[in-house]
Amino acid sequence: MKPRLSSLLDYYYESMYPSLHALEGKRLAILSTLKKAALLLVTLGTVLFFVLSRTNVFTSLHAFLLSVMSGFLIFMFIYRHERAGYGSLFKDLVIEKIIHFVDPSLIYTKMDSIDERTYRQSELFMEAYDRFSGKDLVCGEIEGVKIRFCDLHVEKKVRTKNGKEEWSDIFSGLFFVADFNKTFHSKVVVLPDVAERNLGIVGTWLQGVNPSRGALIKLDHVAFEKLFVVYGDDPIESRYILSHALMERIVDFHHKIDKPLYLSFVDSKLFLALHYTKPLFEPILARSLLEFESIKAYCELLVMITNIVTEFKLNEKLWSKR
Amino acid sequence: METFLVVAGLIFLLVVFMYNTLISKKNQVDTIYAGLDAVLKKRHDLLPNLVATVQEYMVHERITLEKITELRTKAATHSLGSRETIALEKQLSSMLGTLMVAVENYPMLKANENFLNLQATLSEVEEQISAARRAYNQSVNDYNNAIEMFPTNFMAGLMHLERKEVFSIPEHERSNVDVKNLFQK
């Protein structure tokens, strides 16, 4: 279940390359449209600036800002409009094909996401949210383990110092759910250890008095304890879930990925959230599709996600789960 | 006078806090010990079946099987303290490890379905015991720290609290009881 780079290269040239030619044509056409639009908007913006600055209503600075802002907004509208169709085609011709290359049994739905109930069930992020959106849902079985993952974006409204409302991220990135290889009844949440890292002993004390998270579980794995803080309902079952071997694998995974990692174990399921600052499966207009390197990055990401099953050995089920 | 009352009040609060901390840590050890005891009992319940299944194949391991039965009987019938239980369970883990290594010499036994079921269940119970032992050791460590650290050590002395022993298993014995790996070879 680890597709080799050489086989991806073959797959890219044999199965994807012909259809990518048409898509590459569309990409170049969009780039051309955007360049023309930019040129036109710069010209119109300059004209607007001169017209506005000659009136007595606006100062030069205001006229400049107004021209730039108008030009930028119109350009963004055109960019989004052009990109939308291309993004959808890109997902059909690139992302879906890579997913089927990684595992033909996986089902991809570009407009769907993990539901809110599953998100809440994970108890990874306890903050109340105002906007929940996601896309690129992948479902299926890897080595007999049911998995689901998507690109998720959860936000809340916050009021700034000026009294304005704006959106703030609660979570943005990969949200992954899989059946766990042990049966358990309690709940364990593993979060990045921010408080202890920044505040030392005071941070540890603060973690211990977090009433919304349950009891603090101190674990006997030094590297794991440095990276994560663990809350659980039951001290014995928490350690049954987080065996030494699993903690070792989580630490290795974290070092390899090097992104904020959140894990929870609820109702015999593993929930994993990896924070990303940009969308996972969106195309980059500036990169050519006919270069293998631009496709390789998506494949590596998808292989990394599907390999979570084997990395955490979720496929090695204990007796009671078989 | 007011200063005296404030100081006396603070000292009283400190004493109450220390007393409650020590009691909560002691109770935590007892609670987790009860959990550990429950999973150890699970292992005890498996042993008669395991011995009955393997004894007709493992004719050269009679001494080990007798020792396992003896230890199991002792653990089930005598009301032992935590220290004695820990020592006895260490011995039992060691004996089971020896037995599971010896299974390698009996291919017929490795093909017995009943034995495979027992082995899989035992493997799972061993995982639970390992988890319970780690939880117990952590609670004992917290408790021992509390009764030895300043200023709670004074209060612990007045309460006649004593150090508790952790449930350690030597490295070689720990690997011996990893029956799951043994049978995956």
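Mentor: A salt bridge is a side-chain nitrogen of Lys or Arg within 4 Å of a carboxyl oxygen of Asp or Glu. In this predicted model, that rule finds three salt bridges across the interface of chain A and chain B.

Trainee: What makes B:Glu127 and A:Lys182 a salt bridge?

Mentor: The closest N and O atoms of B:Glu127 and A:Lys182 are 2.9 Å apart.

Trainee: How do you know that chain A and chain B touch, and how many residues are in contact?

Mentor: Contact requires heavy atoms within 4.5 Å. By that rule, 16 residues of chain A are in contact with 16 residues of chain B. The area buried between the two chains is about 1500 Å², and carbon and sulfur atoms give 57% of that area. Five residue pairs between chain A and chain B are in polar contact.

Trainee: Which helix gives the most to the side of chain A that touches chain B?

Mentor: H7(A) does, with four residues. The residues on this side of chain A divide into eight nonpolar, three polar and five charged.

Trainee: Why is the set that includes A:Phe224 and A:Phe312 called a nonpolar core?

Mentor: The name applies because the members are buried residues of kinds such as Phe and Leu, joined through side-chain atoms within 4.5 Å. The largest such core has 68 residues, and A:Phe224, A:Leu242, A:Phe265 and A:Phe312 touch the most other members. Helix H9 of chain A, residues 292-306, contributes the largest share, nine residues. Apart from this core lies another, of 46 residues, including B:Val39 and B:Leu65.

Notes: Residues are numbered from 1 along each chain as its sequence is written. Chains are lettered from A and ligands numbered from 1 in the order in which they are written. This is a predicted model: local features need pLDDT of at least 70, side-chain atom pairs count only at pLDDT 80 or more; totals for chains, interfaces and linings use all residues. Side-chain values use heavy atoms; hydrogens and water are left out. Buried means under 20% relative accessible area, exposed over 50%, partly exposed in between (1.4 Å probe, protein chains only). Helices (H or I, at least four residues) and strands (E, at least two) are DSSP runs, numbered from the N terminus. Buried area is the accessible area (1.4 Å probe) that two parts lose on being put together, summed over both. A polar contact is a pair of N or O atoms within 3.5 Å; within protein, one must be able to donate a hydrogen and the other to accept it, and residues adjacent in sequence count only if both atoms are side-chain atoms. Ala, Val, Leu, Ile, Met, Phe, Trp, Tyr, Cys and Pro count as nonpolar, Asp, Glu, Lys and Arg as charged, and the others, Gly among them, as polar.
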